Amino acid sequence: MNYKNEIVCKNCGTKNFDFEYICKNCKAFLRNRIVNIDLGETLLRLIDSPSETFLKIKFSEHKNYIFFLLFFISIRFLILSRFFSVPFVFEPIKLNLPLLVIISFLITLIFFVIISLSIQKILLLLKVKARFRDILAVMTYSFLPNLFALFILFPIEMVFYGEYLFSNNPYPFQIKESIFYFLLSLETLCVFWSVFLFYVGIKEFTYSRIFSLIFSIIVWIVITLTLYWQSKIFLI
């Protein structure tokens, strides 16, 4: 079977997958070797050169910071799921925060693994052979805008609303309406930025704008449903 992501060695003419940097036949170099992911550089490059950056993440031998990033992404998901539960909570709830963080991390980890494996299987149907760890890394780094929301926006929201941030009596927008909608617009921007980055990252595997767009929409619908389901733990 011929795969779309095969490249031909200029030295011996052997076909190799694009994620290989040494020809399996003559051992000639097919591309520059990328050993590690530089987190600081990656954060900056995702802004001005996302496609090139995801290519480096894809080809990197060591997928640095994956579990570190997934942990903070899970906290972000935990906060979002708490927002989902706000309209349905009518009494103050006591939270076992360490337990919730562990549960959210496990849910996030399982979710990312399942989605990455699913994408890998679908790519095979599209005649693209991809490594699971490459897909997982690209998917994880596409969620970096959510960390901006976690470390920058969330503390600001807590300063303005405190304990009323997760309240429905009154809702936060009833306290400081203009600030609420401004922060909400920034939160929404972070989500759309993540959707865009996911689209760009997956395009490095599919080589198709249409399939990448479909993948992005489906995955984010599943994420929304998962967050809604996760929000139920606040109602138990």
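Modeller: Helices (H or I, at least four residues) and strands (E, at least two) are DSSP runs, numbered from the N terminus. The model is predicted: local features need pLDDT of at least 70, side-chain atom pairs count only at pLDDT 80 or more, and totals for chains, interfaces and linings use all residues. Residues are numbered from 1 along each chain as its sequence is written, and side-chain values use heavy atoms, with hydrogens and water left out.

Colleague: Which residue just after α7 takes a positive phi?

Modeller: Helix α7 covers residues 177–206. Just after α7, a positive phi of about 60 degrees is taken by Y207.

Colleague: How far does α7 reach from its first C-alpha to its last?

Modeller: The expected span of a helix is 1.5 Å times one less than its number of residues. Helix α7 has 30 residues, for which 44 Å is expected. Its reach is close to that value, at 43 Å.

Colleague: Which element gives the most to the lining of the largest pocket?

Modeller: A pocket is an open set of points on a 1 Å grid over the protein atoms alone, where a 1.4 Å probe fits, with protein on both sides within 12 Å along at least five of seven lines; lining residues have an atom within 4 Å of a point. The largest pocket holds about 540 Å³ of space, and the closest to its centre of its 23 lining residues are L80, F83, L184, E187 and T188. Two or more lining residues come from each of α3 (66–85), α6 (144–161), α7 and α8. The most, 7 residues, come from α7.

Colleague: Which residues have the most contacts inside the largest nonpolar core?

Modeller: A nonpolar core is a set of buried (under 20% relative accessible area, 1.4 Å probe, protein chains only) Ala, Val, Leu, Ile, Met, Phe, Trp, Tyr and Cys residues joined through side-chain atoms within 4.5 Å. The largest such core has 49 residues. Those with the most contacts inside it are F112 and Y141.

Colleague: Which residues does F112 contact, leaving aside its neighbours within four places in sequence?

Modeller: Contact means heavy atoms within 4.5 Å. With those neighbours left aside, F112 is in contact with L70, I73, F77, L136, M139, T140 and F143.

Colleague: Is K27 buried or exposed?

Modeller: K27 sits in the loop between β2 (15–17) and α1 (39–48). Exposed means over 50% relative accessible area. Because its relative accessibility is 56%, K27 counts as exposed.

Key:
Points joined across faces, edges and corners; volume = space filled by probe spheres on them.
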